[in-house]
Amino acid sequence: RLALFAKAVAALPSQCRKVLVLKKIEGLSQREIASRLGIAESTVEKHLAKALLLTRDYMAKRDASFALDTSATEPPAVRRLRTGEAE
């Protein structure tokens, strides 16, 4: 599963990958990430939500145990990306 996760992260768009790594691997806050990358904190949140959604989808397509319905527990930003809802 770790190898699958690594492939999923490698497949992310560059900025999403950077944000995900800085947040989840390096443990930086959204404010620190925004400052380091020169983007708004809201943009960090959007990149992170997109990264998590794309990573989940990538893994679900390749491993049935990741295909669980998580819509009840997903963050609002992820739900908006998945459903195309406006903010």
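This is a predicted model: local features need pLDDT of at least 70, side-chain atom pairs count only at pLDDT 80 or more; totals for chains, interfaces and linings use all residues.
Begin by selecting Arg36, which counts as exposed because its relative accessibility is 52%, where exposed means over 50%.

**First stop: Arg36 and Glu26**

Arg36 forms a salt bridge with Glu26, and the closest N and O atoms are 3.3 Å apart. The pair links distant parts of the chain, ten residues apart: Arg36 belongs to helix α3 (residues 30–37), while Glu26 lies in the loop between α2 (14–25) and α3. Glu26 has a relative accessibility of 45% and therefore counts as partly exposed.

**Second stop: Arg31 and Glu41**

Keep helix α3 displayed and select Arg31 together with Glu41. These two residues form a salt bridge in which the closest N and O atoms are 3.2 Å apart. Because Glu41 lies in helix α4 and Arg31 in helix α3, the pair ties together parts that are ten residues apart in sequence. Arg31 is exposed, at a relative accessible area of 60%, whereas Glu41 is partly exposed, at 34% relative accessibility.

Next, select residues 41–62, which make up helix α4. How far apart are the end C-alpha atoms of this helix? They are 32 Å apart, in agreement with the span of 32 Å that 22 residues should give at 1.5 Å a residue.

Now colour the buried residues of α4. These are Val44, His47, Leu48, Ala49, Ala51, Leu53, Thr55, Tyr58 and Met59.

Is Thr55 buried or exposed? Its relative accessibility is 5%, so Thr55 counts as buried, the limit for that class being under 20%. Display the surroundings of Thr55 and set aside its neighbours within four places in sequence: the residues in contact with Thr55 are then Phe5, Ala8, Leu12 and Leu20.

Asp57 forms a salt bridge with Arg56, with the closest N and O atoms 3.5 Å apart. Both partners are partly exposed: Asp57 has a relative accessible area of 30%, and Arg56 has a relative accessibility of 22%.

Then select Tyr58 and Arg62. The charged end of Arg62 sits over the ring of Tyr58, at 3.6 Å from the centre of that ring. As for pairs between aromatic rings, a search of the whole structure finds zero.

**Last stop: the whole chain**

Finally, clear the selection and show the entire protein. There are five helices and zero strands, and the pattern along the sequence reads α-α-α-α-α. The salt bridges in the structure come to three. Of the 87 residues in the protein, 26% are buried.

The accessible surface of the protein is about 5,600 Å², with 55% of it belonging to carbon and sulfur atoms.

How values were computed:
Residues are numbered from 1 along each chain as its sequence is written. Side-chain values use heavy atoms; hydrogens and water are left out. Helices (H or I, at least four residues) and strands (E, at least two) are DSSP runs, numbered from the N terminus. The expected span of a helix is 1.5 Å times one less than its number of residues. Buried means under 20% relative accessible area, exposed over 50%, partly exposed in between (1.4 Å probe, protein chains only). Contact means heavy atoms within 4.5 Å. Rings of Phe, Tyr and Trp (its six-membered ring) pair if their centres lie within 6.5 Å; planes under 30 degrees apart count as stacked, over 60 as edge-to-face and the rest as tilted. A charge sits over a ring if NZ of Lys or CZ of Arg is within 6 Å of the ring centre and within 35 degrees of the ring normal. Accessible areas come from the Shrake-Rupley method with a 1.4 Å probe; for residues, only the protein chains shown count as cover. A salt bridge is a side-chain nitrogen of Lys or Arg within 4 Å of a carboxyl oxygen of Asp or Glu.
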